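Hello,

Here is the structure we spoke about.

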Amino acid sequence: MDPNIKIPVEVDPTEDTEWNDILRAKGIIPERPPSPTAELEAALEEAVKKQHENRLEGKDLDELDELEDEEDEEFLDTYRKQRMQQIKELTQKQKYGSVLPITKPEYEKEVTNASKECFVLLHMTSQSSIQSRLLSSLMVTLASRFPEIKFCEIPANRCVENYPDSNCPTLLVYHDTAVVKQYITLTQLGGNDTKIADLEKTLVGIDAVPETDKRLTMNQLDDDLQESRKLRFMKKSIREDDSDDDFDD
């Protein structure tokens with residue numbers, strides 16, 4: 001047989017054999033793709049590692065004190081100092097707390113330029129819009145709960161000439177001098193049933209408020225309590241109406 005004649009040999013490049021290792025080293029066959037199982041295990045291992053590293057994320061100082069017997073003292077002290085610094089920085093930013101009415105000449109200063117330092121929510125209002133009146137009320141509550149965020153309000157027709165009432169309320173969210181979110185009416189937020197929680201989701205979605213912020217939890221508890229009171233009031237009213245009917249009989 002002629003020694004120069006080459007006989008083709010079929011090779012499964014996915015097999016983990018010594019011959020395939022030689023062929024891979026010479027670049028004849030491609031490198032073996034990583035095992036999906038190995039990739040999954042690595043991803044899970046990384047997720048568990050991150051979960052452990054972030055196990056103290058969002059805990060307040062009292063909760064950190066309760067973990068003194070469970071956590072390494074030096075690590076806990078470092079994290080406590082970090083939380084105190086975060087609280088200090090947040091306190092320094094909390095300089096608003098109410099809704100600021102503005103005029104058109106003030107727009108650039110109070111909204112565009114102010115958004116270099118914080119998130120700014122601007123409500124373009126219309127007195128004839130029920131949703132505008134609802135949003136005004138919700139913004140008063142939000143402004144007091146998140147004083148590091150600036151809330152402003154301006155009549156739409158004084159901001160933009162001939163601005164249609166049908167577009168009100170218009171809510172613009174500014175950050176770093178740009179509009180990062182906008183709503184024309186409250187349709188996307190819940191319409192006439194828009195609640196504080198709906199607007200909070202927007203704040204979390206644009207990273208104006210961390211998802212772990214304790215104030216969000218408190219707000220949810222407040223909303224649940226208000227809903228519970230409302231239901232109790234309705235049930236009480238129904239019972240009283242039934243009693244009146246019995247008396248009339």
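**What was found**

T141 is a residue of helix α6, which covers residues 130-145. The model is a predicted one.

Now the chain as a whole. The protein chain has nine helices and five strands, and along the sequence they come in the pattern α-α-α-α-β-α-β-α-β-α-β-β-α-α. Of its 249 residues, 31% are buried. The protein chain exposes about 17,500 Å², with 51% of that supplied by carbon and sulfur atoms. If you take the contacts between residues at least 6 apart in sequence, 60% of them join residues at least 24 apart.

Next, the sheet. The five strands make an open sheet in the order β1-β3-β2-β4-β5, and the pairing is mixed. β1 (99-101) and β5 are at the edges; each has a single partner strand, so one side of each has no neighbour in the sheet. From one strand to the next, the twist averages 25°. Helix α6 packs on this sheet and touches β1, β2, β3 (150-155) and β4, with its direction at about 155° to that of β2.

Two of the pairings can be followed residue by residue. Strand β2 (residues 120-125) pairs with β4 in the antiparallel sense over five bridges, and L121 stands opposite V173 in β4. Strand β4 (residues 170-175) is also joined to strand β5 (residues 178-184), again antiparallel, by six bridges. In this second pairing, H175 has A178 in β5 as its bridge partner. β4 and β5 form a hairpin with two residues between them, and D176 in the turn has a positive phi of about 55°.

Last, the aromatic rings. How many aromatic pairs does a search of the whole structure find? It finds one. The pair is Y107 with Y174, in an edge-to-face arrangement, 6.2 Å centre to centre and with 75° between the planes. It links distant parts of the chain: Y107 belongs to helix α5 (residues 107-113) and Y174 to strand β4, 67 residues apart. Both Y107 and Y174 are buried.

Regards

Key:
Residues are numbered from 1 along each chain as its sequence is written. This is a predicted model: local features need pLDDT of at least 70, side-chain atom pairs count only at pLDDT 80 or more; totals for chains, interfaces and linings use all residues. Side-chain values use heavy atoms; hydrogens and water are left out. Helices (H or I, at least four residues) and strands (E, at least two) are DSSP runs, numbered from the N terminus. Buried means under 20% relative accessible area, exposed over 50%, partly exposed in between (1.4 Å probe, protein chains only). Contact means heavy atoms within 4.5 Å. Accessible areas come from the Shrake-Rupley method with a 1.4 Å probe; for residues, only the protein chains shown count as cover. Two strands pair if DSSP finds at least two bridges between them. Rings of Phe, Tyr and Trp (its six-membered ring) pair if their centres lie within 6.5 Å; planes under 30 degrees apart count as stacked, over 60 as edge-to-face and the rest as tilted. Axes are lines fitted to C-alpha atoms, for helices over the stretch in contact, and angles run from 0 to 180 degrees between N-to-C directions.
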